[in-house]
Amino acid sequence: MIGKRMQDAMNEQIKHELESAYLYLSMVAYLNAEGLDGMAAWMTVQTQEEIAHAMRFFSHINERSGRVELLPLAQPKKEWASPLEAFKAAYAHEQFISGTIDDLVKVAEEENDNPAKIMLQWFVSEQVEEEDSTRKVVELLERIGDSGHGLVMVDRELGARPAAAPSSEGEAA
Ligand code: OFO
């Protein structure tokens with residue numbers, strides 16, 4: 001059975017992961033409106049991954065006879081000054097999420113909660129990937145600067161990101 005402190009912390013994390021999905025979906029809408037459908041497709045995959053992340057915590061709480069509680073989500077930002085600014089915001093958000101995972105690891109250690117410690121290891125590695133993939137797009141967009149042709153090329157490249165694997169029992173891509 002999951003302890004109350006860990007359960008509350010994981011419920012809070014479900015909210016963070018769903019807020020990530022909500023933020024990235026807002027970026028999808030922004031990128032679509034800018035006519036950058038490849039970037040929007042990349043961000044759609046990111047949105048789906050976030051929902052899968054939330055479901056991992058959801059399943060973990062349930063499997064340990066806990067009670068999932070869905071908390072209110074913050075309204076995401078709607079506009080960015082440029083695609084570069086949107087991806088910079090995504091990168092900053094991933095750094096924030098890495099911090100929340102580190103905090104959860106601390107709680108698991110303090111509570112001596114071994115199942116949570118093991119489950120969280122996947123997220124520690126996943127956050128390295130999450131930060132890396134968003135930072136790479138930021139660097140790519142910084143390199144092309146104001147080049148319209150460069151933007152079209154990056155849009156095409158990002159549109160080739162494979163879809164997230166369907167989530168089963170919290171399995172994420
Ligand atoms: Fe769930 O990793 Fe991004 O936010």
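Biologist: Why does R5 count as partly exposed?

Modeller: The relative accessibility of R5 is 38%, and partly exposed is the class between buried, under 20% relative accessible area, and exposed, over 50% (1.4 Å probe, protein chains only); R5 therefore counts as partly exposed. This is a predicted model, in which local features need pLDDT of at least 70, side-chain atom pairs count only at pLDDT 80 or more, and totals for chains, interfaces and linings use all residues. Residues are numbered from 1 along each chain as its sequence is written, and side-chain values use heavy atoms, with hydrogens and water left out.

Biologist: What makes the pair of E110 and R5 a salt bridge?

Modeller: The term requires a side-chain nitrogen of Lys or Arg within 4 Å of a carboxyl oxygen of Asp or Glu. For E110 and R5 the N to O distance is 2.8 Å, so the pair is a salt bridge. E110 lies in helix α3 and R5 in helix α1 (residues 4-33), so the pair ties together parts 105 residues apart in sequence. Helices here are DSSP runs (H or I, at least four residues), numbered from the N terminus.

Biologist: Why is E110 called exposed?

Modeller: Its relative accessible area is 53%, so E110 falls in the exposed class.

Biologist: Why is G150 called buried?

Modeller: G150, in helix α5 (residues 148-158), has a relative accessible area of 9%, so the term buried applies.

Biologist: Which salt bridge does K136 form?

Modeller: K136 pairs with D132, the closest N and O atoms being 2.8 Å apart. Both residues lie in helix α4, four residues apart, about one turn of the helix.

Methods
Helices (H or I, at least four residues) and strands (E, at least two) are DSSP runs, numbered from the N terminus.
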